[in-house]
Amino acid sequence: MSTAVSIGRQTAAHDRVREVPLFDLTGQRQRLGGRIEARIDEVLKHGQFILGPEVDEVEARLAEFCGARHAIAVSSGRDALTMALMALGVGPGDAVFVPGFTFSATAGAIAPLGADPVFVDVDLKSFNMDPAALDAAIVEVVAEGRLTPRVVMPVDLYGLPADYPAIGEVAARHGMTVLADAAQSFGGAMAGRHVGQLAPISATSFYPTKPLGAYGDGGAIFTEDGDLADAVRQIRTHGRQGSGDEAMRLGMTGRLDTIQAAVLLVKLEGFEAELRHRADAAAAYTEMLSEVVATPALPSSSVSAWALYTIRTPGRDRLKERLDRARIGSGLFYRVPLHRHPALQKWVPEGLTLPVSERLADEVLSLPIHADITEAEIHYVTGQVLAALD
Ligand SMILES: Cc1ncc(COP(=O)(O)O)c(C=O)c1O
């Protein structure tokens, strides 16, 4: 094992590592707790729990961070996807193309609108939607004639932006738009542009264990398009325009709580440094593990937010058992590809196989990564992985 790896955060020499959780927010809480409590206290004092001034402030900070013209703070990542689809006018008879290998919420955000999710296979190395498979799936839907292809919804799995240039080209050729499921990738970038600017409309999540996590549910929508932004603002407050009584369109209860906005404002201040730490931790893992397992691809023009560090090995289940015994938290994201979920069977064409998604479901394993992981913890994890696969 290389000892050249340095990620800047050390475990004290006397703290022999005996346990490494998959996610750990305690270090961040120690660093930021006092400031977060002070900002929450301000909200308790002014009492504007819904759409208070912190929501406007966090929207401005989020837009500034990622360079998007409009940022709209909403109730969760899943709601962000649904509201973006509502703003795009997606409904019954429309097809929305999603990768077969993602969290179930990607498809769950589509079905309640009466539209059909269409499952597309992914690329083995990037884990993200395969543009050639997307093109073939759209051609098939057009030939069948039952649905109108409307939206492509790539996912930035584990924090790595999808191949937006290629996917955008396919979507444009078929007269479709792209909605980025960037739930895992806020903080990532591609060719010098941040997540939030990579698609005409993007949705992210502030679930507590996401790279930028709130202390509860939360999410945001980013777009350059003022009309879409206005539509989303109406939709998140029951379709109302500002404080008007009339519902201008059908909406939902989709706002980010003011208290969560206050938490995010503090977390945003240190977010760049946390992203760098995650990237250093990922580089350390890759340096130590790339000869024994498939380590995550990182195209040279891409920046991952490293929501998860995910390796691939045919000995995955044996490895997981060993890590469990060594008290190392690991995750199987995702053990079930989308087209195998019971709740989604209605939208799965008979005989559909997605070979790469199915293979990944058997081979992926996510290792601990978070904003405060130490060098000693990474050495402990890699030591156990190397011993298990020896
Ligand atoms: C790819 C993906 N899409 C959507 C979501 C939903 O986000 P939320 O939990 O904030 O609703 C998640 C959350 O884990 C996700 O990973």
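Predicted model: local features only at pLDDT ≥ 70, side-chain atom pairs only at ≥ 80, totals over all residues.
Is aspartate 324 buried, partly exposed or exposed? With a relative accessible area of 44%, aspartate 324 is partly exposed; here buried means under 20% relative accessible area, exposed over 50%, and partly exposed in between, with a 1.4 Å probe and protein chains only. Aspartate 324 sits in helix α10 (residues 316–325), where helices (H or I, at least four residues) and strands (E, at least two) are DSSP runs numbered from the N terminus.

Residues are numbered from 1 along each chain as its sequence is written, and side-chain values use heavy atoms, with hydrogens and water left out.

**Around the ligand**

The ligand has 16 residues around it, and Gly77, Asp181, Gln184, Ser205 and Lys210 come nearest; a residue is near if one of its heavy atoms lies within 4 Å. By class, this shell has 6 nonpolar, 7 polar and 3 charged residues. For that tally, Ala, Val, Leu, Ile, Met, Phe, Trp, Tyr, Cys and Pro are nonpolar, Asp, Glu, Lys and Arg are charged, and the others, Gly among them, are polar. Helices α3 (77–87) and α4 (105–108) each supply at least two residues of the shell. The table gives side-chain distances to the ligand.

| Residue | Ligand atom | Distance |
|---|---|---|
| Aspartate 181 | nitrogen | 2.8 Å |
| Serine 205 | oxygen | 2.7 Å |
| Lysine 210 | oxygen | 2.6 Å |

Taken alone, the ligand exposes 390 Å², and the protein buries 90% of that; accessible areas come from the Shrake-Rupley method with a 1.4 Å probe, and for residues only the protein chains shown count as cover.

**Salt bridges**

The count comes to 21 salt bridges, each a side-chain nitrogen of Lys or Arg within 4 Å of a carboxyl oxygen of Asp or Glu. One of them pairs glutamate 274 with arginine 31 at 3.3 Å, N to O. Because glutamate 274 lies in helix α9 (residues 271–289) and arginine 31 in helix α1, this pair ties together parts that are 243 residues apart in sequence. Glutamate 274 is buried at 4% relative accessible area, whereas arginine 31 is partly exposed at 36%.

Glutamate 363 meets arginine 312 in a salt bridge of 3.3 Å, N to O. That pair links helix α11 to strand β11 (residues 309–312), 51 residues apart. Glutamate 363 also meets arginine 359 at 3.3 Å, and these two both lie in helix α11, 4 residues apart, about one turn of the helix. Arginine 359 is partly exposed at 40%. Salt bridges that share partners also join Arg31, Glu274 and Asp372 into one network.

**Backbone points to look at**

Most residues other than glycine have a negative phi, and most peptide bonds are trans. Leucine 51, in the loop between α1 and α2, has a positive phi near 50 degrees. Tyrosine 158 has a positive phi of about 65 degrees; tyrosine 158 is found in the loop between β4 (148–152) and α6 (164–173) and is buried at 4% relative accessibility. A cis peptide bond joins phenylalanine 333 and tyrosine 334, with omega about 20 degrees.

How values were computed
Polar contact = N/O pair within 3.5 Å; in protein donor to acceptor, adjacent residues only side chain to side chain.
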